[in-house]
Amino acid sequence: MDVGQLQRQFIDYTASLFREGFLDDQFTQLRKLQDENNPDFVFEVVSLFFDDSEKLVNNMAKALEQPIVEFEQVDAHVHQFKGSSSSIGAHRVKNVCAAFRGFCEQQNSDGLEQQIIAAGGSIPMVE
Amino acid sequence: MEKMGFGTVTSTSKTMKIIDTEKKISVLIVEDDLLIQKIHKAMMTKFGTEVQLAANGKEAVDLFLSGAYFDLILTDLEMPIMDGIEATKQLRSMGVTSMIVGVTSRNQDSEIQAFMNAGLNACYVKPLNAEKVTVVLNELKNI
């Protein structure tokens with residue numbers, strides 16, 4: 001596979017991410033911030049976002065595993081996740097967070113589980 | 001509510017000074033989230049401003065107490081140690097007349113109004129983008 005082909009694949013893939021709503025205009029804005037003074041900007045912010053996301057999802061999972069779920073705590077993590085996902089242009093993640101918060105407000109664990117499964121996650125079985 | 005525009009400020013915060021057009025605009029970004037810090041810093045730097053960071057409201061207040069000055073303060077609302085509302089109130093009571101703009105994830109009218117009432121010139125809902133930055137910097141140059 002030559003470089004030209006790889007480049008076209010990359011462009012097509014990125015375009016599909018926008019088309020399918022995974023990314024929005026905010027990501028385009030971030031790409032514009034990358035220049036010779038800041039050559040690895042996009043890589044750095046995306047890496048930071050993935051690290052943050054992992055921590056936040058782990059925190060949410062721990063809070064949801066408690067015998068008595070503190071929905072305010074879950075909501076606080078989701079709120080932070082929504083903030084960072086909207087700032088990086090992770091459109092679908094942001095929308096899932098918004099829906100999550102609705103369930104937290106209703107203190108609806110079943111609703112939260114459905115959202116997790118719908119987003120492609122899984123619920124660990126508690127013994 | 002997306003933003004609350006410039007105009008009515010409850011505390012005496014009208015800046016009355018000439019901005020040297022040759023000197024870079026100095027900006028203090030007050031934000032505890034490292035990812036958002038990085039994004040907002042890159043955005044403001046791209047617009048040609050000189051950026052300094054503070055991780056919470058207390059760091060921002062301490063900077064001013066130590067004699068620092070900034071043309072513009074961009075502040076988050078929710079931060080540990082001292083939040084955006086408390087920091088804005090303290091800065092205004094210290095006589096800080098710099099433009100203070102809130103940038104928050106909160107989007108309820110009541111929450112934004114409470115933030116504005118602390119002494120902001122304007123408040124925007126995250127994310128900060130080129131359009132919002134342009135409005136803020138134009139407003140700053142017109143004062």
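A residue is called buried when its relative accessible area is under 20%, exposed when this area is over 50%, and partly exposed in between (1.4 Å probe, protein chains only). At 45% relative accessibility, Glu20(A) therefore counts as partly exposed. The structure is a predicted model, in which local features need pLDDT of at least 70 and side-chain atom pairs count only at pLDDT 80 or more, while totals for chains, interfaces and linings use all residues. Residues are numbered from 1 along each chain as its sequence is written, chains are lettered from A and ligands numbered from 1 in the order in which they are written, and side-chain values use heavy atoms, with hydrogens and water left out.

The confidence of the prediction is considered next. The model has an ipTM of 0.79 and a pTM of 0.82. For chain B, the mean pLDDT (the predictor's confidence in each residue, from 0 to 100) is 89, and 87% of the residues of this chain reach 70 or more. In residues 8–13 of chain B the pLDDT falls below 50, and this stretch has eleven contacts in the model beyond near neighbours in sequence; a contact means heavy atoms within 4.5 Å. Where pLDDT is low, the predicted coordinates should not be read in detail.

Chain A contains six helices and zero strands, where helices (H or I, at least four residues) and strands (E, at least two) are DSSP runs numbered from the N terminus. The order of its elements from the N terminus on is α-α-α-α-α-α. Of the 127 residues in chain A, 35% are buried. Among the contacts in chain A with a separation of 6 or more, 44% come from residues 24 or more positions apart. Glu20(A) is located in the loop between helix H1 (3–19) and helix H2 (25–32) of chain A. Glu20(A) and Arg92(A) are separated by 72 residues in sequence, and their C-alpha atoms are 9.0 Å apart in space.

The two chains meet in an interface to which chain B contributes 18 residues and chain A 22 residues. The size of an interface is often given as the accessible area lost when the parts come together. Here the buried area (the accessible area, with a 1.4 Å probe, that two parts lose on being put together, summed over both) is about 1,600 Å², and carbon and sulfur atoms give 62% of this area. Two salt bridges are found across the interface of chain B and chain A, a salt bridge being a side-chain nitrogen of Lys or Arg within 4 Å of a carboxyl oxygen of Asp or Glu. In one of the salt bridges, the side chains of Lys46(B) and Asp35(A) meet at 3.0 Å, N to O. On the side of chain B that touches chain A, helix H1 (residues 34–46) of chain B gives the most, with eight residues. By class, this side of chain B has nine nonpolar, three polar and six charged residues; Ala, Val, Leu, Ile, Met, Phe, Trp, Tyr, Cys and Pro count as nonpolar, Asp, Glu, Lys and Arg as charged, and the others, Gly among them, as polar.

Over all chains, the count of salt bridges comes to eight. Within chain B, Lys58(B) and Asp62(B) form a salt bridge of 2.8 Å, N to O. Both residues lie in helix H2 (residues 57–65) of chain B, four residues apart, or about one turn of the helix. Lys58(B) is partly exposed at a relative accessible area of 39%, and Asp62(B) is partly exposed at 33%.

A further salt bridge joins Lys126(B) to Asp76(B), with the closest N and O atoms 3.4 Å apart. Lys126(B) is in the loop between strand S6 (122–125) and helix H5 (130–142) of chain B, and Asp76(B) is in the loop between strand S4 (72–75) and helix H3 (84–93) of chain B, so the pair ties together parts that are 50 residues apart in sequence. Lys126(B) is buried, with a relative accessible area of 11%, and Asp76(B) is buried, with a relative accessible area of 5%. Arg106(B) and Glu78(B) also form a salt bridge, in which the closest N and O atoms are 2.5 Å apart. Glu78(B) is partly exposed, with a relative accessible area of 31%. Salt bridges that share partners join Glu31(B), Asp76(B) and Lys126(B) into one network.

Asn121(B) is placed in the loop between H4 and S6 of chain B and is buried at 10% relative accessibility. The side chains of Asn121(B) and Arg92(B) are joined by a polar contact of 2.8 Å; a polar contact is a pair of N or O atoms within 3.5 Å, where within protein one must be able to donate a hydrogen and the other to accept it, and residues adjacent in sequence count only if both atoms are side-chain atoms.
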